[in-house]
Amino acid sequence: MKTNLIALVACTVLVANCMAEPFNGLTADMASLCRLSDARTRSISPENFTGARNAGALADPVADKDKRNVANASGCARELGKGWKVNPFVKIAPGETLTLADIEGPGAIQHIWMTPTKLWRHSIIRMYWDDETDPSVECPVGDFFASPYNKYAQVSSLAVCVNPGSAFNCYWLMPFRRRARITMENVGKEEMRLYYQIDYTLTDIPSDAAYLHAQFRRSNPTKGSVHTLVDGIAGKGHYVGTYVAWRVHDTGWWGEGEIKFHLDGEENPT
């Protein structure tokens, strides 16, 4: 039965366990709390754009003339001065692509938190590993965080959490060996504000650690009754899941269907 529907998909491929000897400090849990490592934890936010040591809380709500370091919350924090949280967000103009993080490796991103404003479908997040020119992740920000409809809905999982106030969190482990770069593009017609924080660790990365990839696909309507979730994957890796959001244009479909995996060019699905 043919049915017209909209299918919005973000597919993610992730890596195997990055634990190795000696302990690199990445996979911290109750069993590894007693283990020491040479890992260095860092955090990037509008309060510290580079994550470098001694580079946080430098924005001055009154005197700072550096365009990139002007305190955005100067009205609320004008009496605090430097050393306080006075620059919690960035502004991204229509058509602008802003680099959120540019990190020299080796290391791994462990957590991303952000609260974007305006239309989430108009905010495109991209992630580049090791100086690649084509991003490994390219997705509207809402869909990357399992939130396609520009409306808060709680998500609670190991990989992605969406908390009250539309606070997006992801805990995908994202290894890189030389460099990691994350950008946000505003393809809308209005300026957006972005509150964000990117937490990462600088440490050795095992040779068998793969890179995180995500594809976004949308069909409106589908071609017949088929919507391709992900395609064009080559090499060795783990397929770890798909987030699907759909809407129907009629009342004749109950949301049932088949998931088919075609491996290594096979005609019939395994």
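How many of the 270 residues of the protein count as buried? In this predicted model, the figure comes out at 42%. The fold is built from two helices and 15 strands. Contacts reach well along the chain: among those between residues at least 6 apart in sequence, 73% join residues at least 24 apart.

Now for the aromatics. The structure holds five aromatic pairs. One of them brings together Phe 144 and Phe 145, with ring centres 5.2 Å apart and planes at 80°, so this pair goes down as edge-to-face. Phe 144 and Phe 145 are both buried. Another edge-to-face pair is made by Tyr 239 and Phe 261, at 5.4 Å centre to centre and with 75° between the planes. Here the partners come from distant parts of the chain: Tyr 239 sits in strand β15 (residues 238-248), while Phe 261 belongs to the segment after β15, 22 residues apart from Tyr 239. What about exposure for this second pair? Tyr 239 has a relative accessible area of 37%, so it counts as partly exposed.

A search of the whole structure turns up zero disulfides. Take Cys 161, which is in no disulfide: its nearest cysteine sulfur belongs to Cys 170 and is 9.8 Å away. A disulfide needs the two sulfur atoms within 2.5 Å, so that distance rules the pair out. Is Cys 161 buried or exposed? With 17% relative accessibility, Cys 161 counts as buried, because the cut-off for that class is under 20%. Cys 34, on the other hand, has a relative accessible area of 67% and is exposed, since that class begins over 50%.

Notes
Residues are numbered from 1 along each chain as its sequence is written. This is a predicted model: local features need pLDDT of at least 70, side-chain atom pairs count only at pLDDT 80 or more; totals for chains, interfaces and linings use all residues. Side-chain values use heavy atoms; hydrogens and water are left out. Buried means under 20% relative accessible area, exposed over 50%, partly exposed in between (1.4 Å probe, protein chains only). Rings of Phe, Tyr and Trp (its six-membered ring) pair if their centres lie within 6.5 Å; planes under 30 degrees apart count as stacked, over 60 as edge-to-face and the rest as tilted. Helices (H or I, at least four residues) and strands (E, at least two) are DSSP runs, numbered from the N terminus. Contact means heavy atoms within 4.5 Å.
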